[in-house]
Amino acid sequence: MFKFMAPGIAVMNRLKYPQKFALVSLLFCLPLAWLVYLLWSELQVKSEFTRKELMGTEYLRRIRQLNELLPQTKFLSQPDPDQHLSLQELKQQQAKIEQAIAALAEIDQQLGQTLQTSEQFRQVSKSWQAFKVAQTTGDQAEQLQNYAAMLDQLNRLITQVGNGSNLILDPQLNSYYLASSVLIHLPHIQNVQNRLKILEKQKSIQANSAAFRLNNSIAQQKEAERRAAFSILLGSLQEDQQALKQALTFALQGQDNTAVRELTTDLQQLSDLLNWQRVEIEQWFNSKSQPQSTPAIQSIDTLLTLSFQLWDRVIPELENVLQHRLQGYTQQQQMIALFILVILILVIYLFSSFYRSVMQTVQGLEVAAQVMTEGKIEYDLKLRTQDELAQVVRSFNKIAAALVRSEQAVKQLNQRLTADNLAMRAKLEILRQIQQLILPNPEELEAIEGLDIAGYMEPADEVGGDYYDVLYDDGVVTIGIGDVTGHGLESSILMVMTQTAVRTLKEVREVDPVRFLDTLNRTIYKNVKRMNSKKNLTLVILNYAQGQLSISGQHEEAIVVREGGAIERIDTIDLGFPIALDAKIADFINHTLVTLHPGDGVVLYTDGITEAEDMDRNQYGIQKLCDVISQNWHRSAQEIKEAVISDVRHHIGVQKVFDDITLLVLKRQPSSLNPGHKSVNNSPEFVKNGLQV
């Protein structure tokens, strides 16, 4: 369980309280915000859906004006004597239709792109223009054909308004049935009435036709076609009447107000008149002696008036339902926004209060800690809190009490530690002095004839683990340089032991490099084991006599420098084995011989130089060391040493020195050249002087 919680605890431990609150709140609010977003989006979609429906009702009102005026249109070339309408009155009717089309064009310009009705409106306008052109020719058949086409285009426009405004897709039944009444059923009833009038007008036009009067068979065929059309329209009328009554009955179910009662009355009147019309037409069909004129045609205008009156009562009911629904969606959105705002304010208030409560405890702890750091540790913190922070306060008070009890013990321990530290520093100072004392002094180096030698060692701590020594006896110069792993007290002790062992072997005149290093290794190895230490060191031994230099042991590269500054790097990896790492290393020891002419020399170093780092962690490197040596080889050994150390210090800058730095420069002086001893590798005198190859 705790492993499972570990990542969360790690994250929380890295955050401050405001960041913790923000993180938790964000993770908690994300799903809630997503749900609120979905709800808000759904309400917004529904609102847009309803607004589009209201656009449709607004468009339908303009269509209704034109739909009512069209059936009143008369053929202007032949005014109807029964209506006693003058040509001027008929032109006034035409002007009204023009105004209705202009109003329809205005609303189509506003809503046509949204409802996608512009194309259908252009067809209606085009049909009206064709109708007016036919009026100028006086061809009544063509006028009637264009009039029927205009009615068809107008019905298609109504259908497109219903589709484009989503009215036909309304998801609630009451508004769906109201919409279907104004979109489908009432327009269909009006269309049937207009078709009945068209059929009657066609009969009148055909009766006045010469071909119709002369050919009785044509008259009978046209009459049969007209009766079939009447039969089809009659069936459609009955279906629309029943669908309208069912739709409005369901839509108004449960409502009782003046508007609903008036709407119900108009529906009943329209239904009664439609029933009467249908009965009259059916009796006319079944009559043996059928009159020439179709019965109930005179009731068409009354039916149209009742249907438009009913349409005018249904459309406000539909708009009221849609407006009420839209207001409901808007109120829901407002309630959601208000609820979220209140909750957000409450959460911010509680989070702020919680943060202030925590900070009061933290500040109290900080004040108490400040008082205790000033030495007044007898401090009792009291805070008004009952949560988990109270446990922290109680623990703090326990710590204060424990500090009071342990103050004296701490003081006594500090006194002892101070004394111990002073003693340790004194011992380290003595050891440091011992290290410096056992190093070759300048007088010893100057006493060596024919060689210019300079040495330098700087420990990283009080005492170091680097070793170097120069011993001179019977014309043979023995040079040792090594690096103990690590630095500090234990490494410095191993360095002193190595110096003592090397000098001892030199005093007993051990000149064989294998026996020399093997004996040294066994001595140091046993001491390291006794100390229970894991220290070891790299060590290289150089023996020089009469221009010949023997190199054995494993350490950093030996840099051989020729008189002009040319560099030869000798890798010592195959010349030995680390000291005190294994009891037997004789099999790994080898040596190499280098001839030093006047002006030649050798430079030895420890990795404290080549691995010295600057502030960007870049190491000094062997190549840079070789470049500085080569550039300054014309100078004395002391000056070469100072040039190298100065360049290393410049590279390090203000960076901390992590390892001991040791450098040894040996340069053969020109005055030491002895022509009689140019080849001494195997001469008895060479062996006698202590250098065996």
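Which side chains meet in a salt bridge at 2.4 Å, N to O? They are those of Asp474 and Arg509, a salt bridge being a side-chain nitrogen of Lys or Arg within 4 Å of a carboxyl oxygen of Asp or Glu. This is a predicted model, in which local features need pLDDT of at least 70 and side-chain atom pairs count only at pLDDT 80 or more, while totals for chains, interfaces and linings use all residues. Residues are numbered from 1 along each chain as its sequence is written, and side-chain values use heavy atoms, with hydrogens and water left out.

Of the 693 residues in the chain, 43% are buried, where buried means under 20% relative accessible area, exposed means over 50%, and partly exposed lies in between (1.4 Å probe, protein chains only). The chain exposes about 38100 Å², and carbon and sulfur atoms supply 54% of that area; accessible areas come from the Shrake-Rupley method with a 1.4 Å probe, and for residues only the protein chains shown count as cover. Contacts, meaning heavy atoms within 4.5 Å, can also be sorted by separation along the sequence. Among those between residues at least 6 apart in sequence, 75% join residues at least 24 apart.

Strand E6 (residues 558–561) runs antiparallel to E7 and is joined to E7 by four bridges. Within this pairing, Val560 has Glu568 as its bridge partner, and Ala558 stands opposite Ile570. The two strands form a hairpin with five residues between them, and Gly565 in the turn has a positive phi of about 100 degrees. In a regular strand the side chains alternate between the two faces of the sheet.

The other open sheet also has five strands, in the order E2-E3-E4-E5-E8, with antiparallel pairing. E2 and strand E8 (591–595) are at the edges with a single partner strand each, so one side of each is left without a neighbour in the sheet. From one strand to the next, the twist averages 15 degrees. Eight bridges pair E3 with strand E4 (residues 537–545) in the antiparallel sense, and Val477 stands opposite Tyr544 in E4.

Now back to the charged pairs. Side chains of opposite charge can pair when their charged atoms come close. The structure holds 20 salt bridges. One of them joins Glu53 to Arg325, with the closest N and O atoms 3.5 Å apart. This pair links distant parts of the chain, since Glu53 is in helix H2 (residues 17–69) and Arg325 in helix H10 (residues 300–373), 272 residues apart. Both Glu53 and Arg325 are buried, and together with Asp170 they are linked in a network of salt bridges.

Arg509 also meets Asp473 in a salt bridge (3.8 Å, N to O). Asp473 lies in strand E2 (residues 466–473) and Arg509 in the loop between helix H13 (489–507) and helix H14 (513–530), so the pair ties together parts that are 36 residues apart in sequence. Arg509 counts as exposed at 52% relative accessibility, whereas Asp473 is partly exposed at 28%. Asp474, from the opening question, is partly exposed as well, with a relative accessible area of 40%.

Methods: Two strands pair if DSSP finds at least two bridges between them. Axes are lines fitted to C-alpha atoms, for helices over the stretch in contact, and angles run from 0 to 180 degrees between N-to-C directions.
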